[in-house]
Amino acid sequence: MTDTTSAERRTGRDETEEERADRMWVELLQEIRVAQTGVQILFGFLLTVVFTPRYAKLQDVDQVIYIVTVVLGACATGALIGPVSLHRLVSGRRVKPQTVQVASRLTLTGLLLLLATMTSSLLLILRVATHDAFVPWLVAGVVAWYALCWFVLPLWTRRRYTTD
């Protein structure tokens, strides 16, 4: 085994811009599949709530929370499915790097909307399940956990381990 200096170590990949865009597109699609499944299951469940007898008995504020939640879920679904439509409409136009960049932004927007959807869903469920004053605090704690897992740790990792 030879001892190499950090300057001699390989930094990055040896790929063309097109190869990099292809790789990043495949990785992005895998990430979207995970998020899409979650948002579609949650959204499908939310759509059924309005047709239950219990919905009519909800307080006005809970019905507003429900409507906001459904709209957020619809927006999250649209943002997370958007990259597929984007790719289909620009495929073959030699704009893969730009497509990956736009799709990445759509995906991040979808994740933020998914976070908002999950937050409002949790708030609604806990308000209906219990009318205790600790509900907003519990929801805030869960949102903080999501923020830590989804954004803080990834950004910390990016900052800590990314080289110039």
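UniProt's unreviewed entry puts the feature "transmembrane region" at residues 32-52, 64-86, 106-128 and 134-156; UniProt positions follow the numbering used here, feature names are shortened, and annotations may be inferred rather than shown by experiment. This is a predicted model, where local features need pLDDT of at least 70, side-chain atom pairs count only at pLDDT 80 or more, and totals for chains, interfaces and linings use all residues. Residues are numbered from 1 along each chain as its sequence is written, and side-chain values use heavy atoms, with hydrogens and water left out.

User: Why is Thr-99 called buried?

Analyst: Buried means under 20% relative accessible area, exposed means over 50%, and partly exposed lies in between (1.4 Å probe, protein chains only). Thr-99 has 5% relative accessibility, so it counts as buried. Its place is in helix α4 (residues 96-129).

User: What does Thr-99 touch?

Analyst: Leaving out residues up to four places away in sequence, Trp-25, Leu-86, His-87 and Val-90. Contact here means heavy atoms within 4.5 Å.

User: And why does Leu-28 count as buried?

Analyst: Leu-28 comes out at 7% relative accessibility, so buried is the call. Leu-28 sits in helix α1 (residues 17-49) and touches Thr-107, among others. Those two are 79 residues apart in sequence and 8.4 Å apart in space, C-alpha to C-alpha.

Technical notes:
Helix = DSSP H or I, 4+ residues; strand = E, 2+ residues; numbered from the N terminus.
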